Amino acid sequence: MFGAWIAYTLRRAGHTVTLFDPYGTAHSRASSGGESRIIRCCYGADEIYTRMAQRSLTLWTDFFAATKRPQLFQRTGVLWLTEPDDRHANASRLALRDAKIDFEDLSPAELRRRYPQINAPSHVGAILERNAGALMARQAVQAVVEEFVRIGGIHRQVALQPPQKERTATDILIYACGPWLGKLFPEILSSRLFLTRQEILFFGIPPGDARFQPPQLPVWLDFGTERGMYGFPDLETRGFKLASDRHGPPIDPDTADRLVSAGTAQQMRAYLAERFPALASAPVVDARVCQYENTSNGDFIIDRHPAYENVWLAGGGSGHGFKHGPAIAEYLTGVLSGGSAEQRFSLASKKTVQSRTVF
Ligand SMILES: Cc1cc2nc3c(=O)[nH]c(=O)nc-3n(C[C@H](O)[C@H](O)[C@H](O)COP(=O)(O)OP(=O)(O)OC[C@H]3O[C@@H](n4cnc5c(N)ncnc54)[C@H](O)[C@@H]3O)c2cc1C
């Protein structure tokens, strides 16, 4: 997604652009190869991501409208379950108001009245971002690459090799290689990117039951629980998607097998029994294993390589990067033409110990 949007945006700005990918577009090993990704502007005090998500939502929907693919954004709304005195929620409310983003604050009683299929504890309320929702991830990346080629971009299913000193300085090389960045640039990135295995299950909804489909159920996040759970309604009839946002064990994106481990279904079923009791015995109808490519705190890396004038790095999506593709591309295009750089995206700001702060 990072590479696709950067290539497309640069091409639209009139550059000659070649997009390389050894495995093809949005393949099964890529972090962007999943069915769906959340787009929401709730980011606690990290307002920079609220603004980027807001901008990206406009650019995604404009892109889908212009290319006649409106179904790739499903405006389900995003429901973020909140606790009383929840610092993240309080800061989110301020940031959303500041950015004039449409949201509703649901009291615990209102949450239960509107969403009786969610068995939330009596003290839990929610922030509902009405215009947020789900991006149909794999198809969305394919759409961006198709448009990139249609407007004259070149796409090659080949690996871009690590930079050589003698490469002509007129070429700019942008390595938007997500989880592969650490392998390509081990000297600067292998200790600054933490790849974690993330497992996802899709549960079959009961026959004829619309409670788990949009509009009755939005995308939701339940980060107050120990497992930090989130999920999607039954989009494209693929099932009710459920995942934990907590970081899993280390993973190699090339060689990892993608079978979900035995304990995951059991843990998820226990969660369903508590929070979505009508799905407690729903069958697993599909499963995915993907990886987060985390930076120390969750901030992206979008910076020049310290040893090469013409080499740029873009990655570190950290489990929340997908939605931001269009804004990241706009940002990088601006920096390449002399715009100011954001300190939080610098390589120098990245630590070698994981301590996540961005949610
Ligand atoms: C389970 C899961 C759930 C997530 N949920 C969300 C969400 O709800 N919302 C959200 O916003 N984000 C979410 N994310 C994060 C988001 O998906 C990632 O941040 C984003 O997809 C990263 O995109 P990327 O382009 O950097 O990486 P990738 O999609 O992995 O792409 C990197 C590409 O680089 C290519 N490559 C590797 N080596 C080379 C080379 N030498 N030359 C050329 N190309 C190369 C690879 O083949 C690959 O296609 C989630 C991630 C996961 C795993």
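Guide: Helices (H or I, at least four residues) and strands (E, at least two) are DSSP runs, numbered from the N terminus. The model is predicted: local features need pLDDT of at least 70, side-chain atom pairs count only at pLDDT 80 or more, and totals for chains, interfaces and linings use all residues. Residue numbers start from 1 along each chain as its sequence is written.

Visitor: Does S318 count as buried or exposed?
Guide: S318 sits in the loop between β16 (311–315) and α9 (325–336). Its phi is near 55°, a positive value in a residue other than glycine. A residue is buried if 20 or more other C-beta atoms, placed from the backbone, lie within 10 Å of its own, exposed if 12 or fewer, and partly exposed in between. S318 has 24 C-beta neighbours inside 10 Å, so it counts as buried.

Visitor: And E236, buried or exposed?
Guide: E236 also has a positive phi, near 50°, and lies in the loop between β12 (229–232) and β13 (240–244). Most residues other than glycine have a negative phi. Because E236 has 12 C-beta neighbours inside 10 Å, it counts as exposed.

Visitor: Which peptide bond is cis, with omega near 5°?
Guide: Most peptide bonds are trans. The loop between β10 (194–203) and β11 (219–222) contains P215. The cis bond, with omega near 5°, runs from P214 to P215.

Visitor: Which residues does L221 touch, not counting those up to four places away in sequence?
Guide: L221 is in strand β11 and counts as buried because it has 21 C-beta neighbours inside 10 Å. Its C-alpha atom is 9.4 Å from that of D245, 24 residues away along the chain. Contact is taken as C-beta atoms, placed from the backbone, within 7 Å. Leaving out residues up to four places away, L221 touches W80, L81 and Y230.

Visitor: Which elements do the buried residues of α5 pack against?
Guide: Helix α5 covers residues 137–150 and reaches 20 Å from its first C-alpha to its last, close to the 20 Å expected at 1.5 Å a residue; the expected span is 1.5 Å times one less than the number of residues. Its buried residues are A137, R138, A140, V141, A143, V144, V145 and F148. They pack against α1 (2–12), β1 (18–20), β2 (37–39), β7 (133–135) and β8 (154–156).

Visitor: Which residue follows α5, with a positive phi?
Guide: Helix α5 has 14 residues. The residue that comes after it, with phi near 105°, is G152.

Visitor: Between which domains does the ligand shell lie, and why?
Guide: The ligand is surrounded by 34 residues, the closest being S32, G178, C290, G317 and G321; here a residue is near if its C-beta atom, placed from the backbone, lies within 6 Å. Elements giving two or more residues to this shell are α1, β2, β10 and β14 (284–294), and β14 gives the most, with 3. Since both domains give residues to the shell, it lies between domain 1 and domain 3.

Definitions and conventions. Domain bounds come from an automatic or database domain assignment. Two residues are in contact if their C-beta atoms, placed from the backbone, lie within 7 Å.
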